[in-house]
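Student: I'm new to this one. Can you walk me through it?
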Amino acid sequence: MAVSSLSFTLPKLQTFTPKSTIAATFKASSSHESTPFINKKQIFQMGVGILAASIVASAPLNADATRIEYYATTAEPTCEFNFVRSGLGYCDIAVGSGEEAPYNKLVNIHYTARFADGIVFDSSYKRGRALTMRLGMGKVIKGLDQGILGGEGVPPMLVGGKRKLQIPPHLAYGPEPAGCFSGDCNIPGNATLVYDIKFVELYSGNRKM
């Protein structure tokens, strides 16, 4: 399973432009010299195409960042954040009962990542598999390292635990936009991020000490 640095690049959402098939069909049908027969199946297909075009055209876009809202994600209950000196906020939905998150080891986690306004910008649930990541070595943003591994007033997560993290910009991506592709950025600068973390397991391929 590939290790990710949690620096995400999402595809740019493009506006759907319906092809000219429908217009050409209606144009042909207006001629008295050659009037094609339109059966029920063709009418149904045209109706589906018009409906799809109207749905895509009505999807809201944000000019500040290209945000794709994932609806198929796991929403955890709300909880009251505890804030530590670094500015990180955390609260446990479920403490867990397994091993502590290990330093410089690979772990498997599920997560849903949101902006402070609640809009989801990434989720491992969307991809259908947990993310494998290495803790404590700067491979992910500082807020995730501290929030999962623990330290500076934050207890380490245990396998099976679920935790919410509120990560301020200086522990996330800072003042610069992130997840940029062809000039479009998924995460704006100075963004506060909220993560729902589920500590699934220790990665089975870790080297034995």
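Student: What kind of model is it?
Tutor: This is a predicted model.

Student: What pLDDT does the protein chain average?
Tutor: The average is 75. Of the residues, 62% score at least 70.

Student: Which elements have the lowest and highest mean pLDDT?
Tutor: Helix α1, residues 21-29, has the lowest, at 36. Strand β1, residues 82-83, has the highest, at 98.

Student: Where does pLDDT stay under 50?
Tutor: Residues 48-72 are one of the stretches. The model has 34 contacts beyond four places in sequence for residues 48-72. Residues 1-5 also stay under 50, with 17 such contacts.

Student: New topic, rings. How many aromatic pairs are there?
Tutor: The count is 4 aromatic pairs. One of them is Phe 115 with Phe 121. Their ring centres are 4.7 Å apart and their planes sit at 40°, so this pair is tilted.

Student: Are Phe 115 and Phe 121 buried or exposed?
Tutor: Both Phe 115 and Phe 121 are buried.

Student: What about Phe 121 and Tyr 195?
Tutor: Phe 121 and Tyr 195 make an edge-to-face pair. The distance is 6.5 Å centre to centre, with 90° between the planes.

Student: Why does that pair tie together parts that are apart in sequence?
Tutor: Because Phe 121 lies in strand β4 (residues 120-123) and Tyr 195 in strand β9 (residues 193-202), the pair joins parts 74 residues apart in sequence. Tyr 195 is buried, as is Phe 121.

Student: Which residues do ring pairs link into a cluster?
Tutor: The cluster holds Tyr 111, Phe 115, Phe 121 and Tyr 195.

Student: On to the largest nonpolar core. Which residues touch the most other members?
Tutor: Ile 167, Leu 193, Tyr 195 and Ile 197 do, in a core of 33 residues. Strands β3, β5, β6 and β9 and helix α4 each supply at least two core residues. The largest share, 5 residues, comes from β3.

Student: What does Leu 193 touch?
Tutor: Leaving out residues up to four places away in sequence, Leu 193 touches several residues, including Phe 115, Phe 121, Leu 165 and Ile 167.

Student: And α4, how many of its residues are buried?
Tutor: In α4, 7 of its 8 residues are buried. Among them are Leu 144, Asp 145 and Ile 148.

Student: What do they pack against?
Tutor: The buried residues of α4 pack against β3, β5, β6 and β9.

Student: What follows α4?
Tutor: Gly 150 does. The phi of Gly 150 is positive, near 90°.

Note on methods. Residues numbered from 1 in each chain as written. Predicted model: local features only at pLDDT ≥ 70, side-chain atom pairs only at ≥ 80, totals over all residues. Heavy atoms only, no water. Phe/Tyr/Trp six-rings, centres within 6.5 Å; stacked < 30°, edge-to-face > 60°. Buried < 20%, exposed > 50% of the residue type's maximum accessible area, 1.4 Å probe, protein only. Helix = DSSP H or I, 4+ residues; strand = E, 2+ residues; numbered from the N terminus. Core = buried A, V, L, I, M, F, W, Y, C linked by side-chain atoms within 4.5 Å. Contact = heavy atoms within 4.5 Å. pLDDT = per-residue confidence, 0-100.
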